[in-house]
Amino acid sequence: MLTINNLHAQIEDKKILNGIDLQINAGEVHAIMGPNGSGKSTLASVLAGRSDYEVTDGTVEFDGVDLLEMSPEERAREGLFLAFQYPIEIPGVSTTNFIKTAVNEARKHRGQDALDAVSFLKLMKERMKLVKIDQSLLSRSLNEGFSGGEKKRNEIFQMAMLEPKLAILDETDSGLDIDALRIVADGVNALRSKDNATLVITHYQRLLDYIVPDFVHVLYKGRIVKSGGKELALELEEKGYDFIKQTIAEGV
Amino acid sequence: MSLTETIQDKYNELNAAAGNGLLGSIRAKAFELYNKSGIPTSRNEEWKYTRLTGLTNKNFAVHTTAVVPTKEMLNNVRLQSEFAAELFFVNGVFVKEISTFTNDALVVLSLHEAADSEYKTYVQQHLNQSSKYMKDGMNALNAAFTANGLFVLVKKNKVVEHPIFIYHITGTENDNVFVQPRSLLVVEENAQVQLVELYKNNGLHESFTNEVIEIAVQENARLEYYKVQDENENCHHVGTTHVQQVGKCFTHCVTITLNGGTIRNNINMILEAPNNEGHLYGLYMVNGKTHVDNHSIVDNLKPNCFSNEFYKGIMDGNSTGVFNGKIFVRQDAQKTNAYQSNKNVLISDNASVNTKPQLEIFADDVKCSHGCTVGQLDEDALFYLRARGIGEKKAKALLLHAFAADILEQVKIDVLKNYLEKKIDERLDIEVL
Ligand SMILES: Nc1ncnc2c1ncn2[C@@H]1O[C@H](COP(=O)(O)OP(=O)(O)O)[C@@H](O)[C@H]1O
Ligand SMILES: [Mg+2]
């Protein structure tokens, strides 16, 4: 589904991604772990199409097409979804209207008619249950005054509404208490299928108890330095990131 | 013939026809002042960014009597709504015959009628109060032609249920036209009223409006005032709204500019009594070559007054904007609370805004704050929307709509709010959500 080849990216001459290779197939869950500042969010942003980052080398294919050529909205309509680490507050834009617009843009792209008000409400009710999000939140301005946990839940709700092919969750677990974490994970798991894939970015192993990955990758200084199964996450948890740093240092 | 020359001829003509009396002496003094100060140039600090000389050198006809428009023309400008009164100015002259005002809370007269009636003292007390603050030639020029203006009294203890609409119609079918509407509104004790001013130009030639409206609000009264400008690029406008809060009262003023040529709006809020409260809001959303200049004065004369001013601008094309907000806190005005904010979004590289707060504080126990911003749309917000599949154009429109919404919310008349909302969405080219 997603093939990343030798991806290099920088911002204002600062090199952040230094040759990333990653292959994600339909039905898989991948986790990317790594210390703060290793480039996890940058990778997510580059994949979502943020133009501040300049891709200096490498390719990314999404379902056989060149992802890097597409605008952010085209990527989203093609089924790529990024749950932001820091969702933006947008006063004056109602959450419900925003989601409705987003859903209908994707439908238009697929050649489907816009959802009428009744079907949209029905879908919304159903997906609200999935992530246990409250109606009152959705009638407010987008993320405005939401708590950290509410913002994260709203991200997962949007994901549930948009049913992406590839969901990238950037530290969706940070700032969540254990109950909220479980709800978010349940939501993600309920949406898993053999046709879609998930890339979970996290700093801690905790989330991976609930969203069990098929593959774990360690990102360090803009490169994937180690890949393995879910046990790699446990090893990292136990030995800490210093162990990775040491391994790298010795290797040089 | 230039406008400045035409004015000399027309003044004599009008003055001879209108006779002497109270208005006559106001006219004479004002004309003298006008001749002394002339049309303000950019050398005048208050007019640094707004040039009128290009206009006053042009040929404009000055009409001092009204041409009665057809029903069709009137319907063209009316907002379909329930109203307490619909008052029409045609080419700057109040036309009572086509206005409707069967409301027992109101007295509606032409200014010269009022000056000769039992309401004379109101005219004496409140007419031309703005000249104390507006010392330039434009204000004097309007006063020099005061004759066929409008007088409205909202009677004591009356709550006017529906809004009063004032429509200003300018006919530029045949030539360029210069018009000078003049109004005086007095809101007596415990009365409440909503007033809307709308402007409409018919024709392809240029119009130049020089308006003054003075409003005196008395003890415990409540005023809502809306000024909406949506004429075409050939319509120029200099206007002063002078709100004198005589007793402890509440006012709420909103100025919305959607289109026009060269526009200068002055608004003065004079807080003359202790415990006065006043709100000033503004939204300008312009493109092309429109120039919009909002100048405000909030004058705190007595203790414990509260004022809040919030203006927002969306500037596209080659448009230029000015915001100048003065707050005076006089020596007696202890415990003044005065807030001011001006926020602008530039959506074109060629648009610009000059924004300047000016605080002059002579009391020590006051709370004042002011702030202004000029920027682009928030890139993070834009990216967030686009990352959900919303196209760039629509994402921008949603953000601009949201930006304007703060001010639109301050429009408390549904029919007006819906009208504005529709206009703004049309402009943004988005479907109403
Ligand atoms: N917009 C930016 N401008 C400058 N530096 C940035 C920017 N975004 C990220 N960086 C830098 O890139 C590095 C990686 O950041 P990030 O991708 O956020 O890491 P992570 O998500 O793994 O914590 C950090 O050193 C960070 O300071
Ligand atoms: Mg991060």
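Predicted model: local features only at pLDDT ≥ 70, side-chain atom pairs only at ≥ 80, totals over all residues.
Buried area here is the accessible area that two parts lose on being put together, summed over both. Much of chain B's share comes down to a trio: B:Phe383, B:Tyr384 and B:Arg388 supply 40% of the area that chain B buries against chain A, more than any other three residues.

Counting residues, 18 from chain B are in contact with 29 from chain A. Polar links cross the interface too. There are eleven residue pairs in polar contact between the chains, both partners at pLDDT 80 or more, and the salt bridge count between chain B and chain A is four. For one to look at up close, go to B:Lys394, which forms a salt bridge with A:Glu105, the closest N and O atoms being 3.3 Å apart.

So much for pairs; now the secondary structure. On chain B, helix H8 (379-386) and helix H9 (392-408) each supply at least two residues of the side that touches chain A. H8(B) gives the largest share of that side, with seven residues. Sort the touching side of chain B by class and you get ten nonpolar, two polar and six charged residues.

Now for another stretch of chain B. An unreviewed UniProt entry lists residues 21-165 of chain B as "domain: SUF system FeS cluster assembly SufBD N-terminal".

Notes: Residues numbered from 1 in each chain as written. Chains lettered and ligands numbered in written order. Heavy atoms only, no water. Contact = heavy atoms within 4.5 Å. Buried area = accessible area lost by both parts, 1.4 Å probe. Salt bridge = Lys/Arg side-chain N within 4 Å of Asp/Glu carboxyl O. Polar contact = N/O pair within 3.5 Å; in protein donor to acceptor, adjacent residues only side chain to side chain. Helix = DSSP H or I, 4+ residues; strand = E, 2+ residues; numbered from the N terminus. Nonpolar A, V, L, I, M, F, W, Y, C, P; charged D, E, K, R; others polar. UniProt positions renumbered as here; feature names shortened; annotations may be inferred.
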